[in-house]
Amino acid sequence: MHRRDRIHIRSMGDSDLLSVADLEKDIFPHPWKNQDFMSEIRIPNGFSCIAENNSKLMGYLCARQMADGMEILKIASHPKYRKQGVATLLMEEASRKAAASPWPVLFLEVACNNTEALNFYRSQGFIPNGIRKGYYPDGTDAMNMMKHL
Ligand SMILES: CC(C)(COP(=O)(O)OP(=O)(O)OC[C@H]1O[C@@H](n2cnc3c(N)ncnc32)[C@H](O)[C@@H]1OP(=O)(O)O)[C@@H](O)C(=O)NCCC(=O)NCCS
């Protein structure tokens with residue numbers, strides 16, 4: 001069962017960078033580094049937030065407001081806290097921000113073999129918007145997905 005009341009969403013700040021980069025390392029084969037997250041929280045059109053419970057990091061999201069909508073660059077939940085609504089709450093936070101912009105659209109790229117993420121994005125109402133053949137370094141295709149808010 002989702003216990004949303006235990007998940008607190010807030011902006012990512014300097015004091016979160018170490019723990020975010022640590023979690024990133026455990027999740028992604030080609031992780032962003034501390035410095036990458038630092039750039040994201042400083043870039044003027046950036047939007048980065050974290051999910052936490054009692055100061056424990058549960059997940060994070062990085063996005064950028066572009067001319068044609070908000071691009072979701074990263075979203076991840078701590079493996080211990082998956083299927084509890086963490087990523088849904090992070091996506092809702094990004095959606096609120098994007099919905100208030102002149103171009104209320106979310107878009108992203110996801111590896112075609114990332115079943116968990118594909119299921120998650122579908123659950124959030126994203127629809128496929130084209131395939132990029134061999135987009136990733138290992139030759140995996142990427143799927144573009146989008147959601148009109
Ligand atoms: C994809 C990911 C962000 C989902 O995070 P999460 O916090 O577990 O997602 P939620 O709990 O909000 O899930 C919402 C819905 O997404 C779908 N979903 C999420 N994980 C799923 C899974 N493993 N299998 C099937 N459906 C899944 C379900 O419909 C779920 O609703 P339900 O719990 O009522 O069934 C998480 O699995 C993750 O961090 N994966 C590794 C990083 C990654 O691949 N990020 C995306 C890169 S493009």
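Around the ligand sits a shell of 19 residues, and the closest of them are Ser77, Ala87, Thr88, Asn119 and Ser123. Here a residue counts as near a molecule if its C-beta atom, placed from the backbone, lies within 6 Å of it. Strand S4 (69-77), helix H3 (86-99) and helix H4 (115-123) are the elements that each give two or more residues to this shell. Helices (H or I, at least four residues) and strands (E, at least two) are DSSP runs, numbered from the N terminus. H4 is the top contributor to the shell around the ligand, with five residues. Sorted by class, the shell holds eight nonpolar, eight polar and three charged residues. For that sorting, Ala, Val, Leu, Ile, Met, Phe, Trp, Tyr, Cys and Pro count as nonpolar, Asp, Glu, Lys and Arg as charged, and the others, Gly among them, as polar.

A quick word on the model itself: it is predicted, so local features need pLDDT of at least 70 and side-chain atom pairs count only at pLDDT 80 or more, while totals for chains, interfaces and linings use all residues. Residues are numbered from 1 along each chain as its sequence is written.

Back at the ligand, Ala87 is one of the closest residues, and it is found in helix H3. Ala87 counts as buried because it has 25 C-beta neighbours inside 10 Å. The cut-offs are simple: a residue is buried if 20 or more other C-beta atoms lie within 10 Å of its own, exposed if 12 or fewer, and partly exposed in between, with C-beta atoms placed from the backbone. Leaving aside neighbours within four places in sequence, Ala87 is in contact with Gly59, Ile75, Ser77 and Phe120. Contact means that the C-beta atoms of two residues, placed from the backbone, lie within 7 Å. Ala87 and Tyr60 are 27 residues apart in sequence, yet their C-alpha atoms are 7.8 Å apart in space.

Next come two helices. Two packed helices are described by the angle between their axes and the distance between the axes. For H1 (residues 17-27) and H2 (residues 34-42), the angle is about 125° and the axes are 9 Å apart. Axes are lines fitted to C-alpha atoms, for helices over the stretch in contact, and angles run from 0 to 180 degrees between N-to-C directions. H1 and H2 are therefore oblique to each other, since angles under 35 degrees count as roughly parallel, over 145 as roughly antiparallel, 65 to 115 as roughly perpendicular and the rest as oblique. In H1, Leu17, Leu18, Val20 and Ala21 meet Asn34, Phe37 and Met38 in H2. By class, this contact has six nonpolar, one polar and no charged residues.

Leu17 lies in H1 and touches Asn34, Phe37 and Met38, not counting residues up to four places away in sequence. With 18 other C-beta atoms within 10 Å, Leu17 is partly exposed. Its C-alpha atom is 9.4 Å from that of Ile41, which is 24 residues away along the chain.

Ser11 belongs to strand S1 (residues 8-11) and is exposed, with 11 other C-beta atoms within 10 Å. Neighbours within four places in sequence aside, Ser11 is in contact with Ser48 and Cys49. Ser11 and Cys49 are 38 residues apart in sequence but 4.2 Å apart in space, C-alpha to C-alpha.

Finally, there is the backbone to look at. Most residues other than glycine have a negative phi. Asn54, however, has a positive phi, near 50°. Asn54 lies in the loop between strand S2 (46-53) and strand S3 (56-66), and it is exposed, with 6 other C-beta atoms within 10 Å. Lys83 has a positive phi too, near 55°. Lys83 lies in the loop between S4 and H3, and with 10 C-beta neighbours inside 10 Å, Lys83 counts as exposed.
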